[in-house]
Amino acid sequence: MMRTEAKDAEKISAPQSPFCGSLRSKKFLMLGVIATEASQYLDGSNYCWCRQTQQVVGPDGGRVHPDRCRPGRSCYHSAFE
């Protein structure tokens, strides 16, 4: 790879997914694909957790939920990374 191609490759960032890559739920674990809708996380219990903290609060201290674990949150990272 040429030097300019290497610099361009470094500039490419992963596209943002609708939900944080650390958002987890039992229903999500059964999907086998990246979730694109909140309903793909939520079952009757509405229980979700953060993969990073293994709790119902994220690294920023906020509650974990598909409505909250989105681009713009300080601990968000794309599921495509």
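**Exercises on burial and contacts**

At 16% relative accessibility, Arg24 counts as buried, where buried means under 20% relative accessible area, exposed over 50% and partly exposed in between (1.4 Å probe, protein chains only). The structure is a predicted model, in which local features need pLDDT of at least 70 and side-chain atom pairs count only at pLDDT 80 or more, while totals for chains, interfaces and linings use all residues. Residues are numbered from 1 along each chain as its sequence is written, and side-chain values use heavy atoms, with hydrogens and water left out.

**Exercise 1.** Determine the place of Arg24 and list its contacts beyond four places in sequence.

*Solution.* Step 1: Arg24 belongs to strand β1, residues 23-24. Strands (E, at least two residues) and helices (H or I, at least four) are DSSP runs, numbered from the N terminus. Step 2: with neighbours within four places set aside, Arg24 is in contact (heavy atoms within 4.5 Å) with Leu29, Tyr41, Cys48, Trp49 and Arg51.

**Exercise 2.** Carry out the corresponding analysis for Cys69.

*Solution.* Step 1: Cys69 lies in the segment after β2. Step 2: Cys69 has a relative accessibility of 7% and therefore counts as buried. Step 3: leaving aside neighbours within four places in sequence, the contacts of Cys69 are Pro18, Phe19, Cys20, Leu23 and Val64.

**Exercise 3.** Describe the protein as a whole by its elements, burial, contacts and surface.

*Solution.* Step 1: the protein has two helices and two strands, which follow the pattern α-β-α-β along the sequence. Step 2: of the 81 residues, 33% are buried. Step 3: among contacts with a separation of 6 or more, 48% come from residues 24 or more positions apart. Step 4: the protein exposes about 5,600 Å², of which carbon and sulfur atoms supply 52%; accessible areas come from the Shrake-Rupley method with a 1.4 Å probe, and for residues only the protein chains shown count as cover.
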